[in-house]
Amino acid sequence: MFMKRIVFLLVLSLLLSSCAASPEHESSTLGAFIGFIAIIIVAIILGPFIWLQDKALQIKNKKISSFLWIVSIILILIVLFNLVNIFVFLGKLIGLGN
C-alpha cells in the first residue's frame with residue numbers, strides 16, 4: 001500500500017512539474033528532477049511514521065491508539081519543520097557544499 005502511494009506521488013509530481021519542457025526551459029526540467037529526488041527522500045524519511053500510524057489503527061485499546069497517533073503526528077511535524085536541515089545534512093554527506 002505504501003509503495004502505491006509513493007508511485008502515485010512520483011507520477012503526480014512529474015505531471016505537475018513540467019518535465020516535458022522544451023529545450024529552452026532546462027531550468028524547469030532540472031527543478032523537476034530535483035523535486036522528484038526530494039519526494040523520494042521525503043517518502044523514505046516519513047516511512048516509519050506512516051508505519052506507526054498503521055500500527056495505531058490496528059490496536060484495539062483506544063487510549064494507546066490515540067497516544068500513538070498523537071506521537072506520530074508530533075514526530076511528522078518535527079521532521080517537516082527540520083526538513084531543510086535534513087537536506088543540508090544529506091547534501092554535505094554526499095559531498096555537496098562545505
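**Exercise 1. Decide whether Ile40 counts as buried, partly exposed or exposed, and place Ile40 in the fold.**

Step 1. Ile40 has a relative accessibility of 28%, and the classes to compare it with are buried (under 20% relative accessible area), exposed (over 50%) and partly exposed (in between), with a 1.4 Å probe and protein chains only. Because 28% falls in the class in between, Ile40 counts as partly exposed.

Step 2. Ile40 belongs to helix α2, where helices (H or I, at least four residues) and strands (E, at least two) are DSSP runs, numbered from the N terminus.

Step 3. In space, the C-alpha atom of Ile40 is 9.0 Å from that of Leu9, although 31 residues separate the two in sequence. For Val7 and Ile40, which are 33 residues apart along the chain, the C-alpha separation is 9.5 Å. Val7 itself sits in helix α1 (residues 2-16) and is partly exposed, at 46% relative accessible area.

A note on the source: this is a predicted model, in which local features need pLDDT of at least 70 and side-chain atom pairs count only at pLDDT 80 or more, while totals for chains, interfaces and linings use all residues. Residues are numbered from 1 along each chain as its sequence is written, and side-chain values use heavy atoms, with hydrogens and water left out.

**Exercise 2. Describe the helices of the chain and the confidence of the prediction.**

Step 1. The chain contains four helices and zero strands, so that the order of elements from the N terminus reads α-α-α-α.

Step 2. The mean pLDDT (the predictor's confidence in each residue, from 0 to 100) is 77 for the chain, and 78% of the residues reach 70 or more.

Step 3. Among the elements, helix α1 has the lowest mean pLDDT, 70, whereas helix α3 has the highest, 87.

**Exercise 3. Find which residues make up the largest nonpolar core, and which elements supply them.**

Step 1. A nonpolar core is a set of buried Ala, Val, Leu, Ile, Met, Phe, Trp, Tyr and Cys residues joined through side-chain atoms within 4.5 Å. The largest one here has six residues, namely Val42, Leu46, Phe49, Ile76, Val79 and Leu83.

Step 2. Two or more residues of this core come from each of α2 and α3 (62-81), and the largest share, three residues, is given by α2.

Step 3. One member, Ile76, is in contact (heavy atoms within 4.5 Å) with Leu46, Phe49 and Gln53, when neighbours within four places in sequence are left aside.

Step 4. As a general background, nonpolar side chains tend to be buried together in soluble globular proteins.

**Exercise 4. State how much of the chain is buried, and what share of its accessible surface belongs to carbon and sulfur atoms.**

Step 1. The chain has 98 residues, of which 19% count as buried.

Step 2. Its accessible surface (Shrake-Rupley method with a 1.4 Å probe; for residues, only the protein chains shown count as cover) comes to about 7500 Å², and 76% of this belongs to carbon and sulfur atoms.
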